Amino acid sequence: FLLIIFLRLNFAQNKFSNDSDGNYRDPRVREFIYPTRIIWFTTNSDSSQILNPARLINVKEKQITLLNGDYCTMINKGRNPSLLLDFGKEIYGGLQIMLGKIEGKQPAKFRIRFGESVQEAMSEIGGIHNATNDHSARDFIQEVPWVGSMEFGNTGFRFARIDLIDNHRAVPIIGIRAIKIFRDIKYKGSFESDDTLLNKIWMTGAYTVHLCMQDYLWDGIKRDRIVWIGDMQPEAMTILSVFGADPLVEQSLDFAKNTTPLPKWINGIGAYSIWWLIIQHDWYMHKGDKKYLESNKEYILGLLNQLTKYIGEHGEEKLPPRRFLDWPSEANDQAKHAGLHVLLLKAFQDGLLLCDVLNEKEMQQKCKDAIIKMKSYKPDPGISKQAAALMAITGLSNAEKINKEILSVDGAHRLSAFYGYYVLQARALAGDYEGCLNSIRDYWGGMIKMGATTFWEDFDIDWMKNTTRIDELTKPGEKDIHGDFGNYCYVGFRHSFCHGWSSGPTAWLTEHVLGIKIVEPGYKKIKIEPHLGNLNWVKGTVPTPYGLIEVNYKRSAENKIQIHYRLPKGIIIEK
C-alpha cells in the first residue's frame, strides 16, 4: 500500500515523462495526414513532366517497395517539375516522402516549401511579402534516398510545395504524407447551438490552442514558438473550457517564473509579468489547487511588491519599457497608458484573492492601498477598444457607458485577435450578449470565411475586401490576404496563422452562453446563468475538477429559456 502511494506521488510530481535514465520521453503522438487535393502543378513539357499526380491523393501508401507501379513520377529534363499539396487543415509537424526505384540509385534532391497559406508555400524567401525561415525552416532542400523515405520539417503548415531540383532524372514517388505532432488529449468541453458558424468558431479556437500545446504552451506553431505569458491568458482559459486543467499550463507558468528571477520582467515586458499573476488567479479559481498556489508564493509576493513601485504620485501607472499592450495599440501611447494602468490595477485586484488564500495579510493590505490609489486616477482610453475593455473589466469605468460609447461602435472593426477576448468580456458585463455574438461571427467568422482552420495572430475585417482566400491561388485583380497584409512583427508571410491568443471566443462562449459562473474556487459552488442572445438553443459540457457539467438550454415559444443541467457530485448551485 505504501509503495502504491509513493509511486502515485512520484508520478504526480514528475510533470515531464522520463525513462529510467532520466531522459525526456516525449508525451506527444504522431498522426499521418494525407493530401486532400493538388492545388497546382507544372504543366508537362519537353523539359518537365509529372505523371499520375492524382496517385498522391487516391492511394494512401504506407510502405516503400521494390515493385514498379503507376506511381506519381516527377521527371526533370532541365526544368523543375513542381506540385502544391493541400493537407486539408493546419497542423504542426513535417513531411514524409517515400521513393521507389531510381536509375543510378543516387538520392533525389527536392526543394520543400511549407505554407500556412497557398501563397506562402509558393513564395521565395524575402521580398515585399516577407517570407522567412525565422524560428522554423519552411523553405529548404532535402535529399531522399532511392527505395527509401525521409521525414523532415518542424513547423506549422497546411500546404506544401515540392520541386524536384535534380536535372535529368525521373523519380517515382510512392507517397507523400504530412506528420502531425500533437498531444493526444480528450476534448472534454463542448459547445453546440443552432448557429453552425458559432459551433465552428468554438471548435476552431479549441483546435488552435491544441496545436500550440507542444513541449510547452506556445504562442504559435510557425512563429515564435515561445512561452509568451501574455498570450497564455486566453490560451489558458480556452484549455480550461476544452481540456480542463491540463498540467502543461502549470509547466509553462513555472518555466516563465524559473527563467525570469525577480526583478526581471517575464518576456522582458512588465505587462507580461502582470499576466502571469492574472493567470495564477484564474487558474486557482478554476482548479482550486492551493498547493500549486503555495508553490508560487514567494514569487507572487515578490512580484506584487515590485509592482507597487510603479504607481505614480497621482495613482497613475509608471511601468517601464517595454510597454506593450497588443499590436494594434503599439503606436498609440494614450491607449497603452490607459491599458497598462488598468492592467496594473487588475494585478492588485487579483492579488487580493491570492494573498487571502495564502494568508499574507501584510501584502493583502498593500494591494488594497494600491487599488484605492490607482482608482483615484482615471486615464482616457480615447477610442481604443482594448484599453476601454480593461477599464470596464476592472470597474474603473461603467461597462454600459463604455460599451455604448466605444466597444459596440462599428461592431467588429478595431478589434484585435488577442484583446478581442477582453472586449467580449467587457461587453458581457454591459449585458450586450447579442452584440458579442454578432462580433464573433463577423471577426472570427471572417477568418473562417477566408479559409482559416486555425485562428490568426491578427486580423482586420477590412482585409476581406477584394481578397483571395488562403486556400486558393491569388486571383487576378485581388489581394493576397496573407502576403499583402500585416503589421509590426507580422508583416506579410511572417504573419502567424495559428496563434493561441486568438482563441478567446471558445472560452467566452463556454463562460457566457453556456453560462457556468464559478462562485467558489474549484467549482465547489457555481451559478448557472445562460445568455443565448439571438440563439434558439444551446447545449454543451464544461470540464471541472469533479467531472463534466452538462447543460441544455432551449428558447420556448414564449421566449423563455428552458434550462436543463446535470452536475457531478461535489458541485452545488447558488440560488
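Let me begin with a term: a residue is called buried when its relative accessible area is under 20%, exposed when that area is over 50%, and partly exposed in between. Asp224, for instance, has a relative accessibility of 14%, and therefore counts as buried. Please keep in mind that this is a predicted model.

I turn to the chain as a whole. It contains 16 helices and 18 strands. Its radius of gyration is 26 Å, close to the 25 Å given by the globule rule for 575 residues, so the chain is as compact as a globular protein of that length. Along the principal axes, the C-alpha atoms fill a box of roughly 80 × 65 × 55 Å. Of the 575 residues, 57% are buried.

Next, consider helix α5, which covers residues 229–242.

The peptide bond from Arg223 to Asp224 is cis, with omega near 0°. Most peptide bonds are trans, and most residues other than glycine have a negative phi. A further cis bond runs from Pro321 to Arg322, with omega near 5°; Arg322 is in the loop between α9 and α10.

Which residues other than glycine have a positive phi? Asn466 is one of them, at about 55°, and Tyr488 is another, with a phi near 50°. Asn466 lies in the loop between α15 and β11, and Tyr488 in the loop between β12 and α16. Both count as partly exposed, Asn466 at 48% relative accessibility and Tyr488 at 33%.

I now come to charge. Side chains of opposite charge can pair when their charged atoms come close. The structure holds 41 salt bridges. One of them joins Arg28 and Asp215, at 3.4 Å from N to O. This pair links distant parts of the chain, 187 residues apart: Arg28 is in the loop between α1 and β1, and Asp215 in the loop between α4 and α5. Arg28 is buried at 17%, whereas Asp215 is partly exposed at 27%.

A second bridge connects Glu120 and Lys222, at 3.0 Å from N to O. Glu120 belongs to helix α3 and Lys222 to the loop between α4 and α5, so the pair ties together parts that are 102 residues apart in sequence. Glu120 is buried, at 1% relative accessibility, and Lys222 is buried as well, at 6%.

Let us return to the cis bond between Arg223 and Asp224. These two residues also form a salt bridge, with their closest N and O atoms 2.8 Å apart. Arg223, at 2% relative accessibility, counts as buried. Elsewhere, a network of salt bridges links Arg37, Asp86, Arg158, Arg469, Asp471, Glu472 and Lys475.

Finally, the surface. Ile561, Ile563 and Tyr565 make a nonpolar patch of about 240 Å². Ile561 sits in strand β17 and is partly exposed, at 31%. Thank you for your attention.

Note on methods: Residues numbered from 1 in each chain as written. Predicted model: local features only at pLDDT ≥ 70, side-chain atom pairs only at ≥ 80, totals over all residues. Heavy atoms only, no water. Patch = residues over 30% accessible without salt bridge, like charges linked within 9 Å, V, L, I, M, F, W, Y side chains within 5 Å. Areas by Shrake-Rupley, 256 points an atom, 1.4 Å probe, with all protein chains shown as cover. Salt bridge = Lys/Arg side-chain N within 4 Å of Asp/Glu carboxyl O. Helix = DSSP H or I, 4+ residues; strand = E, 2+ residues; numbered from the N terminus. Buried < 20%, exposed > 50% of the residue type's maximum accessible area, 1.4 Å probe, protein only. Expected span 1.5 Å × (residues − 1). Rg over C-alpha atoms; globule rule 2.2 N^0.38 Å.
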